[in-house]
Amino acid sequence: MLFLRSSTTDAAVNLATEQWLQEQALPPVFFLYQNAPAVIVGKYQNVYAETDPAALRRDHVPVFRRCSGGGAVYHDAGNFNLCFVETLPPGTDLSHDRYVQPLVQALRALGIPADKQRSCDIGVGGDKVSGSAQCVHAGRTLHHCTLLFDTDLAALERYLRGNGGLVSRAVASVRSPVTDLCRYYRGGREQFEADLLRALFPQGMQPLDLTAEQTEQIRRLAQEKYRTWAWNYAAGPAFTAATARGTVRVERGVVVECGDPACLGRRYEDVIL
Amino acid sequence: MKTEIRMPRLNADMKDGMLARWNKQTGDAVQQGEILCEIETDKVVSEIEASCSGTVAQLCAQEGDRVPVGQVIAVVEG
């Protein structure tokens with residue numbers, strides 16, 4: 001197993017690194033990172049249905065769209081992101097268990113009474129501490145999950161406040177009560193990371209060192225995709241919403257139908273904020 | 001010859017999948033192995049490849065539809 005530890009909390013770069021790793025013909029890789037405060041939505045979600053755009057704008061919290069499925073999550077430095085990328089034989093059962101069960105065992109080895117919840121979550125005492133998602137591209141499977149260590153759970157509640165007034169065929173998030181692992185572990189983030197890696201990979205890993213050229217490829221992908229409004233906001237499915245200016249129809253993030261002609265052609269968030 | 005493309009079963013528990021996005025439209029030429037669409041199920045996004053080359057004769061589901069495993073999602077004529 002190759003190991004890559006991110007040296008940045010820039011979500012655009014870390015998401016670009018995940019995509020880049022999936023596009024390379026590499027042996028199995030484990031990539032570990034944390035992000036600065038950000039909301040990350042699933043590939044086929046509607047940003048406006050899952051978040052509070054006003055709160056995000058007020059607090060300068062960015063939104064990023066990932067390549068995997070599932071719901072919206074809040075990231076900060078108190079949340080570890082674990083990403084596994086590998087080539088599986090065609091026809092392999094794409095169960096989350098392949099990755100979730102070893103993580104449950106590793107947490108238990110650290111004295112944390114973790115259990116698998118639903119098909120792809122991990123909980124402690126009935127509250128969720130980890131959620132997983134996957135994407136399969138060109139035969140390469142990417143599985144990643146969050147791990148709430150000491151995340152600001154109040155911020156999570158503040159930003160992931162969906163708008164039920166939107167009519168959309170996008171994937172809706174499943175809300176779950178959450179908790180932080182630090183309540184069950186005596187030690188800080190660095191100690192937790194070291195202990196977790198030892199428990200997950202007792203046989204050790206081989207470091208993956210990126211060349212300057214590879215780092216540049218990732219930087220360019222972050223710039224051209226993960227920092228763009230077109231990907232993060234506009235790539236979600238079309239929707240209809242009731243606003244103070246009447247009912248609007250939004251496609252590719254832009255208002256295409258509205259009783260108020262002044263709204264036509266404008267970005268949805270500029271109409272509602 | 002017409003070839004039916006069906007919703008695959010990605011894992012043992014999968015009962016249906018959401019047709020997330022069509023990469024091809026009716027009338028488009030498609031090569032074997034080309035990505036026809038993406039589906040999402042249980043937080044997994046997966047690409048569905050065309051199993052033969054030809055022309056897309058019919059798309060049997062709309063984006064956002066949940067389609068049972070085994071049901072035809074597209075017909076390719078080639």
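The model is predicted.

| Cavity | Volume | Lining by class |
|---|---|---|
| Largest cavity | about 50 Å³ | eight nonpolar, three polar, two charged residues |
| Second largest cavity | about 40 Å³ | four nonpolar, three polar, two charged residues |

**The largest cavity.** Its volume is about 50 Å³. Lining it are 13 residues, and those closest to its centre are Tyr233(A), Gly236(A), Pro237(A), Phe239(A) and Gly253(A). Two elements of chain A each give two or more residues to this lining: helix H2 (47–50) and strand E14 (246–251). Nonpolar residues number eight in the lining of the largest cavity, beside three polar and two charged ones. Both domains of chain A take part. Domain 1 (2–232) and domain 2 (239–272) each supply at least three residues to the lining of the largest cavity.

**The second largest cavity.** This one has a volume of about 40 Å³. Its lining consists of Leu15(A), Glu18(A), Gln19(A), Arg66(A), Cys67(A), Ser68(A), Leu142(A), His144(A) and Tyr226(A). Helix H1 (11–23) and strand E10 (140–148) of chain A are the elements that give two or more residues to it. H1(A) gives the most, with three residues. By class, the lining of the second largest cavity splits into four nonpolar, three polar and two charged residues.

Gln19(A) is among the residues that line the second largest cavity. It sits in helix H1 of chain A. Is Gln19(A) buried or exposed? Gln19(A) counts as buried because its relative accessible area is 14%, and the cut-off for buried is under 20%.

What does Gln19(A) touch, leaving aside residues up to four places away in sequence? Its contacts are Cys67(A), Leu221(A), Lys225(A) and Tyr226(A).

The domain assignment divides chain A into domain 1 (2–232) and domain 2 (239–272). Their C-alpha centres lie 32 Å apart. Across the boundary, ten residues of domain 1 are in contact with twelve residues of domain 2. The largest cavity belongs in this picture too, since its lining draws at least three residues from each domain.

How values were computed:
Residues are numbered from 1 along each chain as its sequence is written. Chains are lettered from A and ligands numbered from 1 in the order in which they are written. This is a predicted model: local features need pLDDT of at least 70, side-chain atom pairs count only at pLDDT 80 or more; totals for chains, interfaces and linings use all residues. Side-chain values use heavy atoms; hydrogens and water are left out. On a 1 Å grid over the protein atoms alone, a cavity is a set of points where a 1.4 Å probe fits but cannot get out, and a pocket is an open set with protein on both sides within 12 Å along at least five of seven lines; lining residues have an atom within 4 Å of a point. Grid points are joined across faces, edges and corners, and a volume is the space filled by probe spheres set on the points. Helices (H or I, at least four residues) and strands (E, at least two) are DSSP runs, numbered from the N terminus. Ala, Val, Leu, Ile, Met, Phe, Trp, Tyr, Cys and Pro count as nonpolar, Asp, Glu, Lys and Arg as charged, and the others, Gly among them, as polar. Domain bounds come from an automatic or database domain assignment. Buried means under 20% relative accessible area, exposed over 50%, partly exposed in between (1.4 Å probe, protein chains only). Contact means heavy atoms within 4.5 Å.
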